[in-house]
Amino acid sequence: MKPVVVIGGGVIGLCCAFALHRRGIPVTVFDAGPAERAASHVNAGWVVPSLAEPVPAPGLIATSLRWMLRSDSPLYIRPRLEPAFLRWTLRFWRACNVRDYRAGLEATAAFGARALELYDALRDAGVRYEEHRDGIVFAYRTSGALRHDYAELEPIRRFGCELSPLLDGDAVRALEPSLSETVVGGFWLPRERSLRPDTLVRGLGDYLTEQGVPVHSNTPVSGIETTGTRATAVFANGERIPAEAVIVAAGAWTPRLLRPLRVNMPIEAGKGYSIDLAPPPALPRPVGRPLYLHETRVAVTPLDGMIRLSGTMELSGLNHHIRPERVAAIARSAGWALRGWPRETPTAGPNVRVWTGPRPMTPDGLPVIGWLPGYRNLAVASGHAMLGVTLATATGEAVAEMMATAGVPGILAAFDPGRFS
Ligand SMILES: Cc1cc2nc3c(=O)[nH]c(=O)nc-3n(C[C@H](O)[C@H](O)[C@H](O)COP(=O)(O)OP(=O)(O)OC[C@H]3O[C@@H](n4cnc5c(N)ncnc54)[C@H](O)[C@@H]3O)c2cc1C
C-alpha cells in the first residue's frame, strides 16, 4: 500500500505521522532540515491551551504602530513592497477587531481543549521527552496591564482554563521566589505545562523510527505531483515517491511548496528568538516555574540544566538573520523581572546559544488545517503561529481523522484552507 507522505518534520508533521501510525495508516515523513532552523526546535516549549488568543487583536494596530519603527520592540515589521506581503498585512490589520478575535479565540480554545490529554497519550505510547508540570506564572510591572490580561482570560475558563486569583507582588513572589521587587503582581495558570522542544522532536522521531515509520531527515521535497483532484507522488532526492495522500506540514515554508500548484497560501514567517543559558546564571533563588513577562512578551523557561529566554515577533521574511538589538531586548526583560539577574545578560559565549525560528503566521492568526481546495487527498497542516507545540497533538488527531474518513472533523471549521481562496 502507498504511504501517506508528510512533508515537514517539525512538531506538526511528526504529530500527524504519530496519529496516522497509531491508526494503522502507513506513513512516511520527509524533512528538509537542519532541525535547528525549525520553529519546533527554538520555541519556549509551553503547552498552553489557555493562551488561545489569536495574534491579530483589537488594539494591536495602535500598539504595533508604536512598536513597528523600533527594531528592539516585541513586534518588528520590516516594510516590504512585495504584493503577497502587502495583502497579508492588510488582512492582518482587518482581523484586528473584536468579532474576529473572539471567534478565533473560541475556535482555538475548543481545538486545544484536549491538548494535555493528547500529550499524555503520546507519553503513554512511549514517546520520551523532557516535560515539566509547574504551570505558567504571569508577572507584571504595571497593574494596568495585569488587570487587562487577567480579564482577557475570563472567556477561556469554560474551555477548562484554571486560573489563580489575582496575586499582588508579595503573593506572586511567594509562589515564584526568583521574581524581583519590580514585579507588582501576577497570576498563575497551574494546569499548563512546559517541555524541552528539541527533546520532543527527537522523541517523536525516535518513536516513529522504532515503530518502522520512515523519517527521512535532511531530505527536502522538491515538488508534489498531482493529477486532477489527487496528489499522486512527491519528489525527493531525485526520486518519485508514490503517495496515497500528501500532508503539507512545512511550517513557514508551506507557501513555497504550494506555489507550483498555483496556490497562494498567506503564511508569513514570524521570526522568534531564543537565548539558552546553560548553566543558568547563579541567582539568589533559582527560577522554578516558567514565567511570562507579558509587557515585554518574553517567556522564561527553566529546563534541566539551563534556562531559555524566548520572545519577539519579527516580520522580515523567511530568514535566520540574528539582530543583536532584539537579542539584547529579550535579555533586558529577565533583568527587570528576576532578582539578582546579571546587569548584562550574556548573549554570546561558551554557555550561551542564540537561536531563531520562523513561526508560521496566517493573517487571521488561526491555523490552516484541512483539504486544499480542489483536492481530495492533499491536506495542509500549518499556520500555528505562537501555538504550534500546544496544538500539535490535536492537529495530529484531526488530520488522522481526515485521512481515515476522507471528511473533515467539525472542530476544524474555522481553520479551513479554503477561507483564503
Ligand atoms: C521563539 C518561539 C517561541 C515559541 N514558543 C512556543 C510555545 O511556548 N508554545 C507553543 O505552542 N508554540 C510556540 N512557538 C510556536 C511553535 O514553535 C510553532 O508554531 C511550531 O513549532 C510550528 O511547527 P511546524 O512543524 O508547523 O513548523 P516547523 O517547526 O518550522 O517545521 C517545519 C519543517 O518543515 C521542513 N520543511 C520545509 N520545507 C520542506 C521541504 N521542501 N521538504 C521537506 N521538509 C521541509 C523544515 O525543515 C522544518 O523542519 C514558538 C515559536 C518561536 C519561534
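This is a predicted model: local features need pLDDT of at least 70, side-chain atom pairs count only at pLDDT 80 or more; totals for chains, interfaces and linings use all residues.

**A helix pair, the fold and the ligand shell**

Let me begin with α1, which passes α9 in a left-handed crossing, a crossing being left-handed if the near helix is turned anticlockwise from the far one by less than a right angle, and right-handed if clockwise. The contact is made by Val11, Leu14, Cys15, Ala17, Phe18 and His21 on the α1 side, and by Leu200, Val201, Leu204, Gly205 and Leu208 on the α9 side, where two residues are in contact if their C-beta atoms, placed from the backbone, lie within 7 Å. By class, this contact of α1 with α9 has nine nonpolar, two polar and no charged residues; here Ala, Val, Leu, Ile, Met, Phe, Trp, Tyr, Cys and Pro count as nonpolar, Asp, Glu, Lys and Arg as charged, and the others, Gly among them, as polar.

Residues are numbered from 1 along each chain as its sequence is written.

Turning to the whole protein chain, its secondary structure comes to 12 helices and 21 strands, which are DSSP runs numbered from the N terminus (helices H or I, at least four residues; strands E, at least two). Along its principal axes, the C-alpha trace of the protein chain spans about 65 × 45 × 45 Å. Buried residues make up 49% of the 421 residues, a residue being buried if 20 or more other C-beta atoms, placed from the backbone, lie within 10 Å of its own, exposed if 12 or fewer, and partly exposed in between.

Is tyrosine 375 buried or exposed? Tyrosine 375 counts as buried because it has 20 C-beta neighbours inside 10 Å, and its place is in the loop between β20 (368–371) and β21 (378–382). Leaving aside neighbours within four places in sequence, tyrosine 375 is in contact with Thr229, Arg230 and Ala231.

Finally, the ligand: of the 42 residues around it, Gly10, Asn43, Gly251, Gly272 and Gly388 come nearest, where a residue is near if its C-beta atom, placed from the backbone, lies within 6 Å. The elements giving two or more residues to this shell are α1 (11–22), α2 (39–42), β15 (268–277), β19 (352–361) and α12 (388–405). The shell residues divide into 23 nonpolar, 17 polar and two charged.
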